[in-house]
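Please look through the structure shown here. The paragraphs after it go from one part to the next.

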Amino acid sequence: MTFLCGMDTRVPNPAAPPYAGHGPHLVAGGQKTTGISDVLASFSVYSLPWEWRADASQAQLVVCLGGVLKRDAMPIGTCEWEIAEGDVYPATYTFEVYEAKTGRSLATFPIESDASADASCPPTVYVGPGEGRVAVAQGVTEQTLASTLEPFVMQDAG
């Protein structure tokens, strides 16, 4: 099973260190290119605590954003850019955790958004001609994501 989770994260990666021993286990991450989303959202390794982050060659774990779907039809706020506006909607993010070396799936789980509307607005947005309004996913805070991933990162493995 080989796929990309972000531009530089290939799973399995036989050159990666094994998911074994005491934690913390370093993490690479990104957004699956085949994910299903009905709102604008993003995820990268920069969404994780800095002490867990690694590039793909050093990571023992890979966390992929598999998709983001609106959880409610009522927006919680708005975003404004020079070229567009957006409504921020509560969302459910689906994350997948893999052992980097083997590609073994360790878990798939949903996380409900909990960031403020302002914190959920991306710094830039790309819109096509005639698209003046976009749907933006309410973000997930670093604390919420970290607490959900902590068992995989900190536990003894192998």
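Ring pairs join Phe 43, Tyr 93, Phe 95, Phe 109 and Phe 152 into a cluster. The model is a predicted one, and a search of the whole of it finds 4 aromatic pairs. One of them is formed by Phe 43 and Phe 95, whose ring centres are 5.1 Å apart with 75° between the planes. This pair is edge-to-face, because planes over 60 degrees apart count as such. Phe 43 sits in the loop between strand 3 (27–37) and strand 4 (61–70), while Phe 95 belongs to strand 7 (residues 91–99). The two are 52 residues apart, and the pair therefore links distant parts of the chain.

Phe 95 also pairs with Tyr 93. Their ring centres lie 6.2 Å apart and their planes meet at 10°, so this pair is stacked.

Strands of a sheet pair through backbone hydrogen bonds, and the pairing can be parallel or antiparallel. Here 4 strands make up an open sheet in the order 3-4-7-8, and the pairing is mixed. Strand 3 and strand 8 (105–112) are at the edges, and each of them pairs on one side only. From one strand to the next, the twist averages 25°. Strand 3 and strand 4 run parallel and are joined by 7 bridges.

Which residues does Arg 104 contact, leaving aside its neighbours within four places in sequence? Arg 104 is in the loop between strand 7 and strand 8, and the residues in contact with it are Tyr 19, Val 97, Tyr 98 and Glu 99. Arg 104 is partly exposed, with a relative accessible area of 45%. A distance across the model can be taken from this residue as well: Arg 104 and Ile 76 are 28 residues apart in sequence, and their C-alpha atoms are 37 Å apart in space.

The last stop is a covalent link. How many disulfides does a search of the whole structure find? The search finds 1 disulfide, and it joins Cys 79 to Cys 121 with an S to S distance of 2.0 Å. The torsion about the S-S bond of Cys 79 and Cys 121 is about -90°, so the disulfide is left-handed. Cys 79 lies in strand 5 (residues 77–80), whereas Cys 121 lies in the loop between helix 1 (117–120) and strand 9 (133–137). The pair therefore ties together parts that are 42 residues apart in sequence. Cys 79 is buried, with a relative accessible area of 2%.

Key
Residues are numbered from 1 along each chain as its sequence is written. This is a predicted model: local features need pLDDT of at least 70, side-chain atom pairs count only at pLDDT 80 or more; totals for chains, interfaces and linings use all residues. Side-chain values use heavy atoms; hydrogens and water are left out. Rings of Phe, Tyr and Trp (its six-membered ring) pair if their centres lie within 6.5 Å; planes under 30 degrees apart count as stacked, over 60 as edge-to-face and the rest as tilted. Buried means under 20% relative accessible area, exposed over 50%, partly exposed in between (1.4 Å probe, protein chains only). Two strands pair if DSSP finds at least two bridges between them. Axes are lines fitted to C-alpha atoms, for helices over the stretch in contact, and angles run from 0 to 180 degrees between N-to-C directions. Contact means heavy atoms within 4.5 Å. A disulfide is a pair of cysteine sulfur atoms within 2.5 Å.
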